[in-house]
Amino acid sequence: MKARHRRFLWIGAGVAVLGGAAALVLNAFQSNLVFFFTPSQIVANEAPQGRAFRVGGLVEEKSLARDSDGLTIRFKVTDTAATVPVVYKGILPDLFKEGKGVVAQGKIGPDGVFQASEVLAKHDENYMPPEAADAVNKAHGAAAAEKTAKTLQR
Amino acid sequence: MIPELGNFALILALLLSVVLGTLPIVGAARNIPAWTALARPVAQGMALFVVVAWGCLVYSFMVSDFSVLNVATNSNSQLPAQYRFAATWGSHEGSMLLWVFMLAFWTLAVSLKSRHLPDDMVARVLGVMGLVSFGFLLFMLLTSNPFDRLFPVPADGRDLNPLLQDPGMVMHPPMLYMGYVGFSVAFAFAIGALLGGRLDATWARWSRPWTTLAWSFLTIGIMIGSWWAYYTLGWGGWWFWDPVENASFMPWLVGTALLHSLAVTEKRGAFKNWTVLLAISAFSLSLVGTFLVRSGVLTSVHSFATDPKRGVFILAFLLVVIGGSLALYAVRAPKVGIGSRFDLVSRESLLLANNVLLLAATGSVLLGTLYPLFLDALNLGKISVGPPYFDAVFVPLMTPLVFLMGVGPLARWKQAAIPDLWRLLRWAAAISVVTALLVPFLTGQWKPGVSFGLLLAFWIVAATFVGIRERVRNVRSGLWSQLARQPRSYWGMVLAHLGIAVFIVGVTMVKGYETERDVKMNVGDTVSVGGYTFRFDGVTRQRGPNYQAQRGAFTVTKDGVYVENLYPEKRQYNAGGMPMTNAAIDSGFFGDIYVSLGDPVDATAWVVRVYSKPFVTWLWGGFTLMALGGFLALMDRRYRTGAQRDLALPRGAAAAR
């Protein structure tokens, strides 16, 4: 094999490997992206049916309820303009509280109830998930949201 | 007084870093011996002042000096001493100081352990490290001074985040930073070599032990972080593909590629350009990681108060370092040459394939980590990329890598023959396939995923043993003396590769057989998970040093025989009132059982989470073996006798072609 042929072979192999990897990555990427929607968007039917996404906002005061099995939890997520009911089966993160920010991942059911597969943990009680803050911001205009964020931080 | 002293020491260190970053480099370029000779003493002086500053901050935390803002916001008079110490790096400012402290440590180490290096090389390497130190010291003094005072002085501090009050906090950040920052040495060697225009096998031999050391520390740091998350976050996972985890994993992947590439450059003089690029990339990714975690772009337990000024500074610094070094690379690399030639089938090409796969993996992690940030920054909506993406990408990329891991060490340098390799490895292949198919029957249920994972692990083990046998074949002297004669760096590689196998067994078994149950339990109720029966004996109140706890009691039995009691806790910290779950875990060689308290449902009942995690300890065992492999390789004789050998071999002649 001449040096030039060999170089071509190398470049070809390299391109093939990289191309394969890129195809793999982009394909996995495409099918595993999780989009974020605010309660207002969900109420306006902008969220996809049958595909997992995230919703964020505040846990509405006095909305937390537990079914008699002790495991199924119902609460409402609000961005102060619209409200989405959420059902989740499992153990909530330590810092989950009414009136605080929350992000849940799951699918919306035909009954309009968001079936959460995951309720995301916060690591610090003063911390507001950015998605949740964003949802409130969008619904409320920046000034009001700043106020909410401040009250939240207290 | 002490905090002012610390501040002053930081300023002095900054001034010395300016000297270190300029005069020796210019001296080396212009051939001014007096200037190059400055490198070592100035580096040592800079390190001394950084250590003094660090000591001052530790002191302020230990005596709970709440007039220092950093102490007041991250410590508390009730905080136990070991966590007051760890709280030193529990804040943004403190962790930056830890970064600089580690950089000072590495700079000092290079200045002390470089006697056998030519003076101009030492001047350049230490000079580059001085420039990096300059960037970080300036960043600290301008935007995040750990010694800022607070008036009026509060009566007590706000406490360290309860999640961080854990032995993991004492170990994880220093180890991780040792690794992160350690890549600065390889980076400095690469830049120094580019500046000096001398890139040969000797260069690779110099940077190799430093890279191995940094890589080993990074491995331990990641391992401890994963273990900590596993036992503290109360949901039993060990890796979440969280952006901050990815930030530490990317330098590790590139660092692994660099280790292998340096081996080729040292042994064969090949891949020179490529190795330099990897050295630049590994450190650049460490900086990117620091930027991601410390700038407030990501929000997690690792990030602190967001201050746009900081983000902009780190980003600018990042651009200067990465852009500058890549520009230098573009100008100088063509002169370096690619080095000696090799065949399509050879150890070189197998290692090249290893590098390509590791970099493809790094690229996919980078994409998954940065893409959501990009979209967010451009206001195109919020998305998240979760574990399914990374799982989908990693398995197909790592499978060929594991295959190569078996073949590579057996292939000859320069030219290898596929029939030879097949002859050597066919039994290893057959044995691993057969055992991988059969073993899952023993562990319970046969699952294709488990069989596949075990195949990868057994393949590594079998091929590694074939490799060892090849090394001692055809030798008359005793087997043991022959084994003992193999260099330690070889055993280091064996250990690290076996570590990967152990790790894969852990992942496979956990993914295949873990069981998890969330149940509501009344006192006296039982639940069975993974062959164990757990009886809930109720919850009592307990008092810790700085928290109140509700402590659940569980009696664990197996087939009616008493095994042990487990006591998970739900804690409420006095200072912040923040709740925290402490899982009770019984760790064993063949796996863990794991109980954590959820919420109280009514007067006596609790929601409880019970896990069985077979072989989960093997994950960390595997990582520990990898790190030990790195340390073992460092004890190789040639690194100790390296001094004489370098003298014996004139520069350039060592290019070994």
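What is the handedness of the crossing of α9(B) and α10(B)? The crossing is left-handed, a label given when the near helix is turned anticlockwise from the far one by less than a right angle, with right-handed used if clockwise. The model is a predicted one: local features need pLDDT of at least 70, side-chain atom pairs count only at pLDDT 80 or more, and totals for chains, interfaces and linings use all residues. Residues are numbered from 1 along each chain as its sequence is written, while chains are lettered from A and ligands numbered from 1 in the order in which they are written.

Helices (H or I, at least four residues) and strands (E, at least two) are DSSP runs, numbered from the N terminus. In chain B, helix α9 spans residues 201-232 and helix α10 spans residues 243-268. The two pack at an angle of about 150°, and their axes are 9 Å apart. Axes here are lines fitted to C-alpha atoms, for helices over the stretch in contact, and angles run from 0 to 180 degrees between N-to-C directions. α9(B) and α10(B) are therefore roughly antiparallel to each other. Angles under 35 degrees count as roughly parallel, over 145 as roughly antiparallel, 65 to 115 as roughly perpendicular and the rest as oblique. The contact of α9(B) with α10(B) draws on 12 nonpolar, nine polar and three charged residues. In this grouping Ala, Val, Leu, Ile, Met, Phe, Trp, Tyr, Cys and Pro are nonpolar, Asp, Glu, Lys and Arg are charged, and the others, Gly among them, are polar.

Another helix pair in chain B is formed by α3 (residues 39-62) and α6 (residues 92-112). Their packing angle is about 150° and their axes lie 9 Å apart. α3(B) and α6(B) are therefore roughly antiparallel to each other. Their crossing is left-handed.

Two further helices of chain B were examined for length and burial. Helix α8 (residues 167-196) has 30 residues and should span 44 Å at 1.5 Å a residue; its end C-alpha atoms are 45 Å apart, which agrees. The expected span is 1.5 Å times one less than the number of residues. Of the 30 residues of α8(B), 25 are buried. A residue is buried if 20 or more other C-beta atoms lie within 10 Å of its own, exposed if 12 or fewer, and partly exposed in between, with C-beta atoms placed from the backbone. Gly197(B) follows α8(B) and has a positive phi, near 70°.

Pro152(B) lies in the loop between α7 (119-143) and α8 of chain B. The peptide bond from Phe151(B) to Pro152(B) is cis, with omega near -5°. Phe271(B) sits in the loop between α10 and α11 of chain B. Phe271(B) is not a glycine, yet its phi is positive, about 60°. Phe271(B) is buried, with 25 other C-beta atoms within 10 Å.

Chain B also contains paired strands; two strands pair if DSSP finds at least two bridges between them. Four strands form an open sheet in the order β2-β11-β10-β9 (chain B), with antiparallel pairing. Its edge strands, β2 (515-521) and β9 (584-588) of chain B, each pair on one side only. Neighbouring strands of this sheet are turned by 15° against each other on average, direction ignored. Five bridges join β9(B) to β10 (residues 591-600) of chain B. Among the partners, Asp586(B) is bridged to Ile593(B).

Two hairpins were also identified. Strands β3 (residues 526-529) and β4 (residues 532-543) of chain B run antiparallel and are joined by four bridges. Val527(B) has Phe534(B) as its bridge partner in β4(B). Two residues separate β3(B) from β4(B), and Gly530(B) in the turn has a positive phi of about 55°. Strands β5 (residues 547-558) and β6 (residues 561-566) of chain B are antiparallel and share five bridges. Val556(B) stands opposite Glu564(B). This hairpin of β5(B) and β6(B) has two residues between its strands; Asp559(B) in the turn has a positive phi of about 50°.

Chain A has four helices and seven strands. Of its 154 residues, 32% count as buried. Lys62(A) lies in the loop between β2 (53-59) and β3 (65-66) of chain A. Its phi is positive, about 60°, although Lys62(A) is not a glycine. Lys62(A) is exposed, with 10 other C-beta atoms within 10 Å.
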